[in-house]
Amino acid sequence: VSEIRKLLRYLDICDGNMEEGSMRCDVNISIMPIGSKEFGQRVEIKNLNSIRNVQRSIDFEIIRHAELLEKKSTIHPETRTFDAPSGSTIGMRTKEAAHDYRYFPEPDLNPLILSNDFIDEMKSIMPALPNELFNKYTSKFGLSDYDANNLTELKEIANYFEKVIEHTNNYKAATNWIMGSVKSILNQQAISIDEFQIPPKYIADLIIMIDENKISHSLASQKLFNEMILNPSIEPLTLAKNNNWISNNQDEGELELIIKNIFNSNPSETDRFKNGEKKLIGFFMGQIMKETKGTANPKTVSQLLNQIIKDF
């Protein structure tokens, strides 16, 4: 039996809810006696409910097969069940060949004839399949394979993305917001995208506000998005106006004055920045955003910083 065990061939297919600790497993067993070049007749054991019973059923079948072969008896193809108390398997039914199933038309069902026009109409209203969406996102929208795979992993995520891009052509930004901030909220609240309260259009509106420099990306992600979570029925532009988060792009004179005051208040950092220590731009950006409560446009601030420092 120990030699036969080494030549054992079996396939186990498991199902069930492993998170709950439950399983159902089918095992297929056949043995190859020493000197043989082919495996013997295969037998299936159905609905095993533990790894321990998988092992016990295999051990029993090895011995049963070996004893039948030693007696020159035939091993019949069959489905068996395992009796845990006795540790033995019991025959349930024989395995039929394909011709034994005897397929025949159902006399009580009328033939169903579908026209080509009907088939074409159904095809036209069917939703796009993941592969089709993946090709569209990568070839037409220019997204990476990684982004396209994430968007098409769940139908609900893809549907939400499709609704967002009905209102904006910034496909990369839409992807980043959905796979970043939106998915983070889904994980925190343990909800699906179908339960997410912010309408897709409002995510698109948020992207458009950033693209049009009405609000900085940092302010949008750190404050406005959180405000949208609390007030999902209010448009993001209204929320931004109510909280004075709209960027003041026109008054560069006021920005220049703020920048010069910050330079004067930080002489050491200003000298280092003027002498080429470019990493200090982050320090000054932070000071300016703090002074303007995040409403200054980062691009405008960056340009003014580099202009003013030359003559400071």
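1. The largest pocket has a volume of about 170 Å³. A pocket here is found on a 1 Å grid over the protein atoms alone, as an open set of points where a 1.4 Å probe fits, with protein on both sides within 12 Å along at least five of seven lines. The volume is the space filled by probe spheres set on the points, which are joined across faces, edges and corners.

2. A word on the source: this is a predicted model, where local features need pLDDT of at least 70 and side-chain atom pairs count only at pLDDT 80 or more, while totals for chains, interfaces and linings use all residues. Residues are numbered from 1 along each chain as its sequence is written, and side-chain values use heavy atoms, with hydrogens and water left out.

3. Which residues line the largest pocket? They are Pro127, Ala128, Leu129, Pro130, Leu133, Thr152, Lys155, Ala158, Asn159 and Glu162, each with an atom within 4 Å of a point. Six are nonpolar, two polar and two charged. H6 gives the largest share of the lining, four residues; helices here are DSSP runs (H or I, at least four residues), numbered from the N terminus.

4. Among the lining residues, Leu129 sits in the loop between helix H3 (116-125) and H4. Leu129 counts as exposed because its relative accessible area is 56% (exposed means over 50%, buried under 20%, partly exposed in between, with a 1.4 Å probe and protein chains only). Between Leu129 and Thr152 there are 8.8 Å, C-alpha to C-alpha, and 23 residues in sequence.

5. Leaving out residues up to four places away in sequence, Ile203 touches Tyr160, Val164, Trp177, Val182, Ile198, Phe225 and Met228 (contact means heavy atoms within 4.5 Å).

6. Beyond its neighbours within four places in sequence, Thr168 is in contact with Ala204, Ile207 and Ile208.

Key. Helix = DSSP H or I, 4+ residues; strand = E, 2+ residues; numbered from the N terminus. Nonpolar A, V, L, I, M, F, W, Y, C, P; charged D, E, K, R; others polar.
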